[in-house]
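Student: Can you walk me through this one? I have the sequence and the model open.
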Amino acid sequence: MAQFRLEGTKVLAVTLGGGGDAVKAKNGSMVAYDGEMAFKKMSGGGEGVRGMVTRRITGEQLTVMEVKGQGTCYFADRAADIALVRLSGEKLHVEASNLLCTDGGLRTGTSFTGLRGASQGNGLFTTTVEGTGQAALMSDGPAVLLRVTPHTPLQVDPGAYVAHQGNLRQSFQSGVNFRTLMGEGSGEAFQIRFEGEGVVYVQPSERNTLGGEV
Amino acid sequence: MPFRELSGKLVEARVVPGQRMFSQRGAMVGYTGEVTFTPNMQGGQGGLMSMIGRRVAGEAAPLMTVEGDGTVMFGHGGHHIQVIELDGDTLCVEADRLLAFDGSLQQGTLFLGRDGGVMGMVRGQVSGQGLFTTTLAGKGSAAVMAHGGIIQLPISPGRPVHVDPQAYVAHFGDVRNKLSSALGWRDMVGRGSGEAFQLELSGSGAVFVQASEEKL
């Protein structure tokens, strides 16, 4: 099993024990390694031909490489902050652009997000990670973990959303009104609303989104 | 030890009379006491020949001499700064990554072709180092800039470290480096993993790697 460890806040160190140990990481994100490592781009990133076709159609292009070997491999991407998530059977929803590395034992897939995705500037689909093992998320600035309970729903700026986990329903809400149309909007015209039980990861920065302009 | 890290992006240096310090021109953000900053036309130490050498090598980053009595704070472009202590080792670093260093360190220019011939030159091109790199030797400390945080990886005999050329910052010690390529048919057909070239560092010492694949 690959061991994930943070080296500072911006570098992920993964120790692989050889044998069948493997991790999937964002293409080109390796910064250093010791020992023996082999890097192989994975076709499509999904499971089999079906996954590949899905990815092509959905545009949720997660270009990943498979890293195998023995030693310690260091990953980093554009000085982004990294957060580790340990999964034991749950499902994690994450933006493809925010996923740095996943354990080889985790399955990745694509799910439909509806209108929310379009407002995030990330298309209509998002990536899901399932199984048992660790995953590393990256965010522009250190991500904060916000808890959602049945009594406290959460609204998140689509541009700051990174990932979520748990039994959550998401809906898209808009605050577009007369003022927005007049060009006097507050810049907070759209939000994602999470209801249920779970956690949401939010970054202290906003991607360029459709909603951010109005 | 004249450098003190105030935060990840700001260092404070203690300047005492009779001891010079060099820093990248314009990198001072504040100072206390009586400190003078004089542009250093020669781009560092040594005489006229060293200056010409650096000009030719393209390693002539605009430097200034810092002298006086007081404390100076240095920072540049919001880049992360790492203070590297040298105790008789030789540090190899790109001139534009060098923020400030002790006057007690001997500055030099290293021709990459010397270490590995033609492959050394190819390596320099791939890692963005060019054909030359700056060396600092002796006892003292140097402040080096990088995009994102820096991690230090030890290199020991029999345990070489491979580094992405774009994430390489600096190294010190008795280290040999060579460019290793894992270029396969996959890269030729555009299905590469993005990790086709790596710097392989072996020997004993340490290498500094930044948490990003962007240049400064």
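Predicted model: local features only at pLDDT ≥ 70, side-chain atom pairs only at ≥ 80, totals over all residues.

Student: How many helices and strands does chain A have?
Tutor: Chain A has three helices and twelve strands.

Student: What share of chain A is buried?
Tutor: Of its 214 residues, 42% are buried. As for contacts in chain A with a separation of 6 or more, 79% join residues 24 or more positions apart.

Student: Switching to P153(A). Where is it?
Tutor: P153(A) lies in the loop between β9 (144-148) and β10 (154-156) of chain A.

Student: Why does P153(A) count as partly exposed?
Tutor: Because 14 other C-beta atoms lie within 10 Å of P153(A). Buried needs 20 or more, and exposed needs 12 or fewer.

Student: What does P153(A) touch, not counting residues up to four places away in sequence?
Tutor: V148(A), R193(A), F194(A) and E195(A).

Student: Now the interface. How many residues of each chain are in contact?
Tutor: 20 residues of chain A contact 24 residues of chain B. On the chain B side, β10 (150-155) and β11 (161-163) each supply at least two residues. The largest share, three residues, comes from β11(B).

Student: What classes make up that chain B side?
Tutor: Nine nonpolar, eight polar and seven charged residues.

Student: Which strand of chain A pairs with β11(B)?
Tutor: Strand β3 (residues 30-41) of chain A, antiparallel, over three bridges. Within β11(B), H162(B) stands opposite Y33(A).

Technical notes:
Residues numbered from 1 in each chain as written. Chains lettered and ligands numbered in written order. Helix = DSSP H or I, 4+ residues; strand = E, 2+ residues; numbered from the N terminus. Contact = placed C-beta atoms within 7 Å. Nonpolar A, V, L, I, M, F, W, Y, C, P; charged D, E, K, R; others polar. Pairing = 2+ DSSP bridges.
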